[in-house]
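Work through the exercises below with the sequence and model open beside you. Try each task before reading its solution.

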Amino acid sequence: MRIIYETSDGGVAVIVPAPEYLLTHTMEELAAKDVPAGANYEIVEDSVVPSDRAFRGAWTWA
Amino acid sequence: MATIINADTSDGLKLTSDTSGQIDLQSAGSTKATIDTSGNLKFDSGFGSVGTAYGCRAWVNFNGTGTVAIRDSGNVTSITDNGTGNYTVNFTTAMPDANYSVCGTVGTTGGASAGWLNTGSNATSGAADTTTSCKVCCNYDTFNLYDPTNMYVAIFR
């Protein structure tokens, strides 16, 4: 699982959880801790995030 | 003064107790490790005398290419992929202040020469370290950003 959120400049940041942390915490708890306050976010499957990073800087929140 | 636990070469275990709150571990009457009243662990591991052990407070090894993933870590909840070669390391337990030292290196399989780890308040990471996270970048040449296959970060304080 990943957490994606909208950055202040309209881009997209992707939170990659540490496996160790998920042994004792949920993705919702991780979002509450590591997503910046007030940012739009979504918890998604790994496959939702493109593995092709050639245009990583062009990713936008839609 | 201290409460002393001594491995004596003649008598075996010798215990000397006081009310100082400090514990010394000795070998043949020579102090090899101490826990002082502030909680500082000090040891002589070839130093010649006991010195404070400044531990690694957080560390992470991750792949910054393809599907970015953490291989293993300690005291890290997550990394944030901010963009090409630009990541934030988020700590599980916060640092006592932001004056810690970020160390690390990067490993790449090609496409970038002389990649290095860049951190702190600077042109490419663009953010100062905080008690809860630090931003790290993989740079090469004239501060170009690059996704490394291996990124290693350790925080000492």
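**Exercise 1: Domains of chain B**

The C-alpha centres of domain 1 of chain B and domain 2 of chain B lie 38 Å apart. Task: find which residues belong to domain 1 and domain 2 of chain B.

Solution. Start with the conventions. This is a predicted model, in which local features need pLDDT of at least 70 and side-chain atom pairs count only at pLDDT 80 or more, while totals for chains, interfaces and linings use all residues. Residues are numbered from 1 along each chain as its sequence is written, chains are lettered from A and ligands numbered from 1 in the order in which they are written, and side-chain values use heavy atoms, with hydrogens and water left out. Now read the bounds, which come from an automatic or database domain assignment. Domain 1 covers 3-52 and domain 2 covers 56-156.

**Exercise 2: An open sheet**

Task: state the order of the six strands in the open sheet of chain B, and say which strands stand at the edges.

Solution. Step one: define the parts. Strands (E, at least two residues) and helices (H or I, at least four) are DSSP runs, numbered from the N terminus. Two strands pair if DSSP finds at least two bridges between them. Step two: read the order, β2-β1-β3-β4-β5-β6, with mixed pairing. Step three: look at the ends. β2 (12-16) and β6 (51-52) of chain B each have a single partner strand, so one side of each is left without a neighbour in the sheet. Step four: check one pair. β1 (residues 3-8) of chain B and β2(B) are antiparallel, with five bridges. I4(B) has T16(B) as its bridge partner.

**Exercise 3: Around β15(B)**

Task: how many bridges join β7 of chain B to β15 of chain B?

Solution. Six bridges join β7 (residues 56-63) to β15 (residues 150-156), and the two run antiparallel. W59(B) is bridged to A154(B). Next, take β11 (residues 101-107) of chain B. This strand is also antiparallel to β15(B), over seven bridges. Here S101(B) is bridged to F156(B).

**Exercise 4: The largest core**

Task: which residues touch the most other members of the largest nonpolar core?

Solution. First the terms. A nonpolar core is a set of buried Ala, Val, Leu, Ile, Met, Phe, Trp, Tyr and Cys residues joined through side-chain atoms within 4.5 Å. Buried means under 20% relative accessible area, exposed over 50%, partly exposed in between (1.4 Å probe, protein chains only). The core has 40 residues, and V89(B), V136(B), M151(B), V153(B) and I155(B) touch the most other members. Its largest share, five residues, comes from β2 (residues 12-17) of chain A. Contact means heavy atoms within 4.5 Å. Beyond four places in sequence, the contacts of M151(B) include F62(B), Y87(B) and L117(B).

**Exercise 5: A helix in chain A**

Task: which residues of α2 (residues 27-34) of chain A are buried, and which are exposed on the other side?

Solution. Chain A follows the pattern β-β-α-α-β. In α2(A), M27(A), L30(A), A31(A) and D34(A) are buried. They fall within an arc of 100 degrees seen down the axis, so they line one face of the helix. The arc is that of the directions from the helix axis to the C-beta atoms. E28(A) and A32(A), on the other side, are exposed. Finally, trace the packing. The buried residues meet β1 (2-6), β2, α1 (19-22) and β3 of chain A, together with β9 (76-83) and β10 (86-91) of chain B.
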